[in-house]
Amino acid sequence: MVLALVGAVLYGTGAFSGEESLDRACGGSLAQGGLSEALHASDFRTEEEGDDDYLASCMVRTQESGPQGSALELKLRWSTAKAPSATLTWYNADYDGVREQAAPLGHGWSGVVRYEGGIYQVMAALDCVNQRNKALVAYGDLLGTSNSTTLAGLGRVTTETAAKAAEKHGCQVKAGERLTGLSAARLGAPGTAKPLARAQGSCAALRGTDAAAAGTPEVMEYPADPDAPQTNCYLVTKAKKPGYGLYAYYGAAAKDFLASEGDQLEKGYGPTHGDRDYAWATATCPQSAQRSVFVLYHLHDRDTDTYPVPHYSASFARDALQVFADHEAKQRGCTGVRMAA
């Protein structure tokens with residue numbers, strides 16, 4: 001009777017511990033492979049967060065408390081549901097230096113690993129191949145030690161939980177291979193810039209542009225990945241400061257990015273109100289009825305509260321974005337790239 005009562009109390013608070021708790025977590029969809037690597041532990045407790053805005057939401061913690069404890073927070077949602085908050089998607093930082101970083105997961109997964117304010121997040125957007133214009137979107141935040149091992153664990157838990165939840169709800173997805181390693185390296189650190197002529201990844205399309213004449217002779221880039229829901233490329237000054245950021249968003253990521261911007265893009269307002277220091281375009285892509293979105297922002301450096309490229313060139317911005325968008329569209333099988341007025 002006492003055990004039954006304790007179980008009832010735990011159930012009522014949404015907190016569980018032990019193997020059974022893992023089986024129940026996130027609506028029974030939590031993928032447990034990778035948990036030990038992500039949290040560097042073998043004994044866990046879980047909490048169901050009960051957020052009605054999500055298909056499932058849970059927290060997995062180590063038994064240790066205080067600074068020694070780690071946690072992994074997961075949120076699952078359908079792309080057709082209400083747009084998530086900016087604190088979850090982080091799209092509101094894409095004009096501020098390299099804050100809006102997004103490295104592709106690789107291994108055939110439609111996802112990225114992001115970093116902001118000391119927290120790493122893995123986002124996966126898995127399209128339902130049997131339900132056009134619908135995707136299962138998962139966000140996994142790691143609260144604790146970050147290195148290649150823990151990030152690989154975070155990636156496994158997030159992607160495999162997304163695939164498991166999608167299958168449970170009748171959404172057929174194309175899953176990638178098991179994630180075995182994710183780098184904790186971040187752009188913006190010393191040595192991450194290189195000459196534009198050496199661009200081979202997400203900035204490769206910009207090699208033939210006059211970016212150097214526009215004040216950005218170098219780049220910071222990620223590996224090219226046609227499966228990633230987001231692509232980032234940074235054009236960098238001689239002082240190693242990002243001056244222009246180019247971004248591509250696809251499917252659920254494009255929809256969420258547009259929701260985060262509200263009517264600013266359509267009305268011609270840039271990220272710092274009426275500056276209009278940006279260019280954007282869209283295209284039709286086969287994976288989703290949602291048009292992809294391509295954006296170039298004149299970047300601000302929050303460390304110095306200045307713009308590394310002092311004078312924004314609208315003509316260069318449009319030319320650079322056109323080249324970037326055309327290249328991205330070709331890699332994805334997208335058509336009808338349309339520059340906004």
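**How to read these views.** A residue is called buried when its relative accessible area is under 20%, exposed when it is over 50%, and partly exposed in between, using a 1.4 Å probe and protein chains only. The model shown is predicted, so to speak of local features requires a pLDDT of at least 70 and side-chain atom pairs count only at pLDDT 80 or more, while totals for chains, interfaces and linings use all residues. Residues are numbered from 1 along each chain as its sequence is written, and side-chain values use heavy atoms, with hydrogens and water left out.

**View 1. The protein chain as a whole.** Let us start with the overall picture. Of the 341 residues, 51% count as buried. The chain exposes about 15200 Å², and carbon and sulfur atoms supply 51% of that area; accessible areas come from the Shrake-Rupley method with a 1.4 Å probe, and for residues only the protein chains shown count as cover. A contact means heavy atoms within 4.5 Å. Among contacts with a separation of 6 or more, residues 24 or more positions apart account for 60%.

**View 2. Thr161 and its surroundings.** Thr161 sits in helix α5, and it counts as buried because its relative accessibility is 0%. Two polar contacts are worth a look here; the term covers a pair of N or O atoms within 3.5 Å, where within protein one atom must be able to donate a hydrogen and the other to accept it, and residues adjacent in sequence count only if both atoms are side-chain atoms. The Thr161 side chain reaches the backbone oxygen of Val157 at 2.6 Å and the backbone nitrogen of Ala31 at 2.9 Å. Leaving aside residues up to four places away in sequence, Thr161 touches Ser29, Leu30, Ala31, Leu74, Leu76 and Arg156.

**View 3. Thr149 and Gly34.** Thr149 is also found in helix α5. With a relative accessible area of 45%, Thr149 is partly exposed. The C-alpha atoms of Thr149 and Gly34 are separated by 9.4 Å, although these residues lie 115 positions apart along the chain.

**View 4. The disulfide of Cys128 and Cys171.** A disulfide is a pair of cysteine sulfur atoms within 2.5 Å, and by this rule the chain has 4 of them. Here the sulfur atoms of Cys128 and Cys171 are 2.0 Å apart, and the link is left-handed, with -105 degrees about the S-S bond. It ties together distant parts of the chain, 43 residues apart: Cys128 belongs to the loop between β7 (119-127) and β8 (135-143), and Cys171 to the loop between α5 (148-168) and β9 (194-195). Cys128 counts as buried at 4% relative accessibility, and Cys171 counts as buried at 2%.

**View 5. The disulfide of Cys203 and Cys233.** The two sulfur atoms are 2.0 Å apart. This link is right-handed, with 120 degrees about the S-S bond. Distant parts of the chain are joined again, 30 residues apart, with Cys203 in the loop between β9 and β10 (218-221) and Cys233 in strand β11 (residues 230-236). Both Cys203 and Cys233 are buried.

**View 6. The disulfide of Cys285 and Cys334.** Cys285 is joined to Cys334 with an S to S distance of 2.0 Å. The torsion about the S-S bond is about 105 degrees, so this disulfide is right-handed. The partners are 49 residues apart and link distant parts of the chain: Cys285 lies in the loop between β13 (278-284) and β14 (292-298), and Cys334 in the loop between α8 (314-332) and β15 (335-339). Cys285 counts as buried at 6% relative accessibility, as does Cys334 with a relative accessible area of 9%. Numbering the bonded cysteines in sequence order gives the pairing 1-2, 3-4, 5-6, 7-8.

**View 7. The open sheet of 7 strands.** The strand order is β9-β10-β11-β12-β14-β13-β15, with antiparallel pairing. Strands β9 and β15 stand at the edges with a single partner strand each, so one side of each has no neighbour in the sheet. Two strands pair if DSSP finds at least two bridges between them; β9 and β10 pair in the antiparallel sense over 2 bridges. The bridge partner of Lys194 in β10 is Val219. Helix α6 (residues 251-261) packs on the sheet, touching β12 (242-249) and β14, and its direction makes about 50 degrees with that of β14. Helix α8 lies across β11, β12, β13, β14 and β15, running at about 150 degrees to β14. For these angles, axes are lines fitted to C-alpha atoms, for helices over the stretch in contact, and the values run from 0 to 180 degrees between N-to-C directions.

Technical notes:
Helices (H or I, at least four residues) and strands (E, at least two) are DSSP runs, numbered from the N terminus.
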